[in-house]
Amino acid sequence: MNISDLTTGERPTWCPGCANFVTLAAIKKALIELHSEGMIDIDKTVIVSDIGCGAKIYDYLNINGFYALHGRVIPTAIGIKVGNPELNVIGFGGDGGTYDEGMSHLVHASRTNPGITMMVANNRVFALTKGQSTSSDSPITNPLSIAAVSGAGFIARGSSTDLDHLSSLMKEAISHKGFSLLEIMQPCIIFRNDGVDIAEKMEMIAKPKEPNFGKNIDRLHTKDGRLPIGIFRKEERPSLEDLMRYDPKG
Amino acid sequence: MRRTVIFAGQAGSGVDKTASIFAEMLAAQGLQVFIYRDYSSLIRGGHNFSTVTFGEGSIRSHDRKADALVVFNKDAIDPHRDSLIKGGLMVTSGDYSEEGAVIASGGNNRYLANNSSLGIIAGYFGLDKEKARRVLAERLGPTMGSAGSAFEAGYDMTDGKYSIRGGKRAIVIMDGSEAVARAAIDMGLKAAFYYPMTPATGVFAKLVKMSDERPISVVRTEDEIAAAMATIGAGFSGVRAMTGSSGGGLALMGEAVSLSGMAEVPLVIYAAQRTGPSTGVPTYTAQGDIKFILSLGPGEFPKFVAMPGDAEESYELTAQAFYFADKYRIPSFILSDKHVAESYFSVLGTLRTTVPKKMTVRVKPVKGYQSYKIDESGFSPMAIPGSGNLARATSYEHDAFGATIEDAEAIKKMTDKRIRKSSSLASETADFSPIVTYGKGSKVIVGAGSVKGAILDALEYLPGWKFVQIRHIEPFPTKAFTGSLKSAKEVVIVESNSTGLLASIIREKTGVDIKKKILKYDGRPFAAEEIVISIGKKR
Ligand SMILES: Cc1ncc(C[n+]2csc(CCOP(=O)(O)OP(=O)(O)O)c2C)c(N)n1
């Protein structure tokens, strides 16, 4: 499998230079590597998309996909996973959809631990509706911290300014058994063009020796104006579909 | 001959359980039974009652006058004093007395007093003692102990005014909720998602119980939006799934209903009406959401909406809802209400459906598969992820492969394709009895859903009248309906709402304007007697 297999004939309608091109390239790279490493079967992989600029990824990724509703990626993905636990289900949403419209789904998925991955392109604006600011624009809001206290087993943050690192985080998130949340920091070059600011505040956090990424989680809750990038927690526990009865093989 | 017993007392004192055990005793004697359950939105205290009407012939609704009244506390007497016929039996228990009443043994021990009351009633109506005892033993199990002797002592406390004997047919007592759950299981349900709301919860409580022995997942989600979206997700993954709610909960599902219509992913919704609008009266019945369900979800897209009138139909129409949902890839509704969901009906024989049980999905790879293939019928099987076909579904307007489009011609083409499904659907649903006519006559009563039982029982007192029941509201069976009204001398419609919503739909779909309406909107279901009296007045 190569890049062209994962590419549709659709021409992206993102603005020239948009950070979403990086995210698209990073997910293609991650899927190709996971597939060739035997970690996933692409025929059994589904993406679920929100509505928004980032969500347009549905049209450009040539794999099973469900272009769902604004804020409702997580429950749709959960339904797919419960319906067929053998599928790899990967959600894509913006910060508007995931942290505003659909916030309660994030909190509850963190608790119930469905085996799905949620990727949130955080540009701190509702871009597709022309740049109104979202709740995560405020320094008071810390959605990853909320997911952490709600019990999310895998929490990570990457940035569109580092494609390779972002792609490796995507692989980790998709391979995690249970709910995984990956936030992707992105500038919106039209409405929130702060790429330089993001790059300056970024701070790679190291992979510690302790299990479950130890004290990394504390970095998530500290408000020192820095932007920690990396994996904050990686902890396995029984997933929602494990606890449910339906088994396609049984 | 119809006989009626009212059981009344505080919530939590065993009114419902005692009444349902009595119903099973009656069924064991080959008698048909109907139980209307009246209770408030509270857990302990208050006033609950169950009206048990039974007889040798067909019993499909409850009567308001009672031959016997069994009360579990003093406060329960007054609300029902006038319902007891002259010379009827009153059974009390506990530390109060009432002139002429028979006092059950057991004193303030509710468990003993309830079973003693059961014995008194069984003896009074002359039920076969041994058969009744066996039912009690089955229901109470090994814990029966002293309840058995309380029942037996009670049995001999009156002289036994009646000697009721039933037929030989096996009768099963079942509420509408259980019938819906059983149909779902029989149709191969694999996942259900819900958020509790009376009176829809009954189905999901049953499914939770049934999931102990079956490989199905029942998930209580964080809200109704999540429940509907997850149901769509499960449908997309290739399994039969369902959700359900009432009033406000269904309103929250509107966007998902529209998504199901656009993305052409099946969605089965059990919609149980209660008295509205808004929070309304949670534990009482109504048919106030018929138009709301028909128009639920923005945009134009086909839907299937069926209204069951009893337990057997709840089973049959639920099976249909599943079948049409995935074959046509549409949202599909079982539109019930509190009265059908929570009343106990007598099911004769086995629950049946004529729809094929297999889910219509594509599991084998097809060359050049198109998720939204444009053809005559407007529908083709949906491919599921992992089938070797690219499974694509979308809420945006799309081309045949599911890619987003905005150009004028393509929008029109895809809209036409979706809407074409309505006619394909209508021609197939026509084969599944969307209209059923009962009785013969030149005068017609029209109704749908929970009014069925009372109308059927009323027909026995209304020579010259027949009942035309509308079972499918969407697609509306225009031809069959107008046919059934041909040469009718008089037409009356019966509805549990204040404005005649069904009449208005009929006018829209057929041009027939039914002016004579018998409407009830106090949360209480119709009794046959009310319909007989109203018809007399309307003429
Ligand atoms: C229920 C609903 N509300 C509002 C909208 C309108 N809407 C479309 S895109 C969008 C903003 C998306 O913002 P975000 O999720 O941050 O993604 P971005 O466009 O920034 O990538 C909104 C509000 C919608 N489609 N559905």
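In the predicted model, A:Thr117 counts as buried, at 4% relative accessibility. This threonine belongs to strand S4 of chain A, which covers residues 116-122. Leaving aside residues up to four places away in sequence, A:Thr117 touches A:Val89, A:Ile90, A:Gly91, A:Ala173, A:Ile174 and A:Ser180. A threonine of chain B, B:Thr51, is likewise buried, with a relative accessible area of 4%. B:Thr51 lies in strand S3 of chain B, residues 45-55. With residues up to four places away in sequence again not counted, the contacts of B:Thr51 are B:Thr4, B:Val5, B:Ile6, B:Phe34, B:Ile35, B:Tyr36, B:His62 and B:Asp63.

A:Ile174, one of the residues touched by A:Thr117, also takes part in a contact between two helices of chain A. Two packed helices are described by the angle between their axes and the distance between the axes. For helix H1 (residues 20-36) and helix H7 (residues 163-175) of chain A, the axes come within 8 Å and cross at roughly 50°. H1(A) and H7(A) are therefore oblique to each other, and the crossing is right-handed. On the side of H1(A), the contact is made by A:Val22, A:Thr23, A:Ala25, A:Ala26, A:Ile27, A:Lys29, A:Ala30, A:Leu31, A:Glu33 and A:Leu34. H7(A) contributes A:Leu163, A:Asp164, A:Leu166, A:Ser167, A:Met170, A:Lys171, A:Ile174 and A:Ser175. By class, the residues of this contact of H1(A) with H7(A) divide into 11 nonpolar, 3 polar and 4 charged.

In chain B, helix H1 (residues 15-28) and helix H3 (residues 129-140) have axes that come within 9 Å and cross at roughly 135°. H1(B) and H3(B) are therefore oblique to each other. Their crossing is right-handed. The residues of H1(B) that meet H3(B) are B:Lys17, B:Ser20, B:Ile21, B:Glu24, B:Met25 and B:Ala28. They face B:Lys131, B:Ala132, B:Val135, B:Leu136, B:Arg139 and B:Leu140 in H3(B). The residues of the contact of H1(B) with H3(B) comprise 7 nonpolar, 1 polar and 4 charged. An α-helix has 3.6 residues a turn, so residues three or four places apart point the same way.

Helix H16 of chain B, residues 501-510, has 7 of its 10 residues buried, so this helix is largely enclosed by the rest of the structure. The buried residues of H16(B) are B:Leu501, B:Leu502, B:Ala503, B:Ser504, B:Ile505, B:Ile506 and B:Thr510. Just after H16(B), B:Gly511 takes a positive phi of about 85°.

Backbone geometry was also examined at residues other than glycine. Most residues other than glycine have a negative phi, and most peptide bonds are trans. A:Asn212 is not a glycine, yet has a positive phi of about 60°. The residue is placed in the loop between strand S9 (202-204) and helix H9 (216-221) of chain A. With a relative accessible area of 36%, A:Asn212 is partly exposed. B:Ser278, also not a glycine, has a positive phi of about 55°. This serine is found in the loop between strand S11 (267-273) and helix H10 (290-295) of chain B, and is exposed, with a relative accessible area of 66%.

Cis peptide bonds occur in chain B. The bond from B:Thr198 to B:Pro199 is cis, with omega near 0°. B:Pro199 sits in the loop between strand S8 (189-194) and helix H6 (201-210) of chain B. The bond from B:Glu474 to B:Pro475 is cis as well, with omega near -5°. B:Pro475 is located in the loop between strand S21 (472-474) and helix H15 (478-485) of chain B.

A disulfide is a covalent bond between the sulfur atoms of two cysteines. A search of the whole structure finds 0 disulfides over all chains. For A:Cys18, which is in no disulfide, the nearest cysteine sulfur is that of A:Cys15, 6.0 Å away. A:Cys18 counts as buried, at 15% relative accessibility. A:Cys53 is in no disulfide either, and the nearest cysteine sulfur, that of A:Cys18, is 6.6 Å away.

Methods: Residues numbered from 1 in each chain as written. Chains lettered and ligands numbered in written order. Predicted model: local features only at pLDDT ≥ 70, side-chain atom pairs only at ≥ 80, totals over all residues. Heavy atoms only, no water. Axes fitted to C-alpha atoms, helices over the stretch in contact; angles between N-to-C directions. Helix = DSSP H or I, 4+ residues; strand = E, 2+ residues; numbered from the N terminus. Parallel < 35°, antiparallel > 145°, perpendicular 65-115°, else oblique. Left-handed = near helix turned anticlockwise from the far one by under 90°. Contact = heavy atoms within 4.5 Å. Nonpolar A, V, L, I, M, F, W, Y, C, P; charged D, E, K, R; others polar. Disulfide = S-S within 2.5 Å. Buried < 20%, exposed > 50% of the residue type's maximum accessible area, 1.4 Å probe, protein only.
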